[in-house]
Amino acid sequence: MGEEGALKAPSAGLVHGLGLSSGGNVEERLDRFRLPLNPCFVLPSLHADMPSPFDNLLPRYDAVVIGAGLGGMTAANNLAKFGRKVLLLEHHYQLGGLATFFKRAGGHVFDISLHGFPFGMIKSTRRYWTKEISDRIHALKDVRFINPDFDVRTTFDRTDFTRILVEQFRIPAETVEAFFAHLREMNYYDNDSRTTRELFEQFFPGRPDVQRLLLEPIAYANGSTLEDPAITFGIVFSNFMSKGVFIFQGGTDTMINLMTAEMKANGVDIRRNVLVEKVLIEKDASGRRRVVGVKLRGTRLGEEAEVACATVVSNANIKDTVLKMGGEDAFEAPFLEEARKVRVNTSSCQVYMGVREGESIPHIGDLVFTSEAKPFSSQELIDFHTTSRTYSVYYPDTRPHTKKPRYAVVTSINQKWEDWAHLSDADYQTHKARVIEESFCGLEKFIPDIRAKVDHAEAATPRTVNRYVRHVGGTSFGTKFEGLKVSMALPEQVGGFYHAGSVGIIMSGWLGTINYGVIVSAKADAYLRDPLSAPLGESQASAGL
Ligand SMILES: Cc1cc2nc3c(=O)[nH]c(=O)nc-3n(C[C@H](O)[C@H](O)[C@H](O)COP(=O)(O)OP(=O)(O)OC[C@H]3O[C@@H](n4cnc5c(N)ncnc54)[C@H](O)[C@@H]3O)c2cc1C
């Protein structure tokens, strides 16, 4: 996720809306949607060689999905499988959102968020995507932790963690068993107000080393801290402990290609380089607010259009979805207040190091958690000058299909948006260079001649995340806990308006967002089936297409 190839700000906008957002009563405005059977929504492209992403748009869709992250793509694919006419809109030229990759000269391919996910991905991708995608998921065998408190190698599953906790950390086996049993019982609806710190104190009092072993990997997986609700740790940790850490063989590029092919086969209309600026909302005869369409802008030429739809599933950040795309007029005041109060999660820096073709590096582990912090603290982990970083090592079996064996290392560091957002250009470059240098220094402890083997290195920062996926605060893992409630309450405020994206820590990460996409698409489909919800007062769009 380097800085090159960033989107250019649209220049002069060509406006050819259907006037949905201005004047007239609702029925008149909705009628305007029905007029053209096959309308050209946009003025002809200014650049004949650059087709408009709006070419041949249908006049109306059952569902518009905003954003092609894993949550958005899963929702779009599922709705299409239900027989719905779906338009998937992505502001970037590439699909995948944070589950993406980029290429660099020298044959380098770098994955952004392919570091590890729980076993549940096998089932979710098999049921909601394809067997081919599911069959490529395989376990990582060698997870390492190296810090002043301990040096541990593990398969990161319950059996191995029990062994480590009992043999290395001298915790009674009954305590470990009780801890795991307790985690298994945790449930979002329990309204348990305990923090993760309190949970740890209950089972492992006065053992910061044990707390570090348990929390550090989860902090990297979802940004959770000792002060977050215990459930944000408990559910995600339990998911991993069921069978360990898994990864997609073939790389993110292969996975996104397979998902794209599947969506196309199911009839999803996919448009890239399209930014959704506004979700259009009107009151129906009963006074209930309903989704009626979306307002779009092409990100290359700045052309504009409006498209009618009965439901919208937003994969953008929940705060942006409510406060920017929905707009303050569309919601009740208490809901808006809750949305404003939602805290976004922390962001990340990454350093991408590509090993020169023909070179190799020794096996040092698949996922190596390193830190010099003593004691462990959630604050140190996100400090601007943190010493905590995770190395994801990509050996040739990550992409077995490539002609020549290739190696890469990606360093991930949790960071705060505010530390990076306001740096001057010069300071920004200085600190990017620092992060790269620190990353090499850390890696040299395992691979002393790494600098001689790497022929490409670059860094991404919270600003990069913000630029590529537009998330407020460059958040890597959506929102803190309270975001989930706002996300789930959205359709109660506006009929047909749904959100499926990283929220509340629980519904984040690859597995969480895919599962959330499934849940939300089922709700959106139920809305479409409900005759009382027929949003435009006529039969569903799919029926006439
Ligand atoms: C550095 C890093 C490492 C990570 N590592 C892991 C890991 O190892 N394992 C794991 O499970 N998870 C990991 N994650 C988290 C995981 O990648 C995300 O939780 C998940 O991919 C988020 O999916 P999502 O569906 O919420 O959407 P996102 O991936 O956030 O995508 C949202 C999409 O919406 C688009 N969009 C936003 N606004 C608009 C708009 N107005 N119009 C059109 N399009 C719009 C964006 O461009 C983007 O494509 C990592 C994240 C980061 C940043």
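**A walk through the predicted model**

In this predicted model, Phe-156 sits in the loop that connects strand 7 (151-154) to helix 5. Phe-156 is not a glycine, yet its phi is positive, at about 60°. Most residues other than glycine have a negative phi. Phe-156 counts as buried because 25 C-beta neighbours lie inside 10 Å. A second case of this kind is Arg-170, in the loop between helix 5 and helix 6. Arg-170 is not a glycine either, and its phi is positive at about 55°. Pro-375 belongs to the loop between strand 14 (367-370) and helix 13 (378-381). Most peptide bonds are trans.

Turning to the chain as a whole, its secondary structure consists of 19 helices and 18 strands. Of the 545 residues in the protein chain, 51% are buried. Contacts between residues at least 6 apart in sequence can be sorted by separation, and 74% of them join residues at least 24 apart.

The largest nonpolar core holds 143 residues, and Val-64, Val-65, Ala-76, Val-86, Val-307, Cys-309 and Val-312 have the most contacts inside it. Not counting residues up to four places away in sequence, Val-86 touches Tyr-61, Asp-62, Ala-63, Val-65, Ala-76, Leu-79, Ala-80, Val-268 and Asp-269. Cys-309 is part of strand 12 (residues 304-314), and it counts as buried because it has 27 C-beta neighbours inside 10 Å. With neighbours within four places in sequence left aside, the contacts of Cys-309 are Arg-60, Tyr-61, Asp-62, Ala-63, Val-64, Val-291, Gly-293 and Val-294. Val-291 and Cys-309 are 18 residues apart along the chain, and 7.3 Å separates their C-alpha atoms.

After helix 9 comes Gly-244, with a positive phi near 115°.

Gly-483, Leu-484, Val-486, Ser-487, Leu-490 and Pro-491 are buried in helix 18. These residues pack against helix 11 (318-326), helix 12 (333-341), strand 18 (497-499) and helix 19 (509-529).

Finally, there is the ligand. It is surrounded by 39 residues, of which Gly-67, Gly-69, Gly-71, Gly-97 and His-115 are the closest. Two or more residues of this shell come from each of helix 2 (70-81), strand 10 (274-283), strand 13 (347-355), helix 17 (462-469) and helix 19. Sorted by class, the shell contains 15 nonpolar, 22 polar and two charged residues. Where does the ligand lie relative to domain 1 and domain 2? Both domain 1 (26-98 + 255-343 + 477-532) and domain 2 (101-139 + 344-469) give residues to the shell, so the ligand lies between them.

Conventions:
Residues numbered from 1 in each chain as written. Predicted model: local features only at pLDDT ≥ 70, side-chain atom pairs only at ≥ 80, totals over all residues. Buried ≥ 20, exposed ≤ 12 C-beta atoms within 10 Å, placed from the backbone. Helix = DSSP H or I, 4+ residues; strand = E, 2+ residues; numbered from the N terminus. Contact = placed C-beta atoms within 7 Å. Near = placed C-beta within 6 Å. Nonpolar A, V, L, I, M, F, W, Y, C, P; charged D, E, K, R; others polar. Domains from an automatic or database assignment. Core = buried A, V, L, I, M, F, W, Y, C linked by C-beta atoms within 7 Å.
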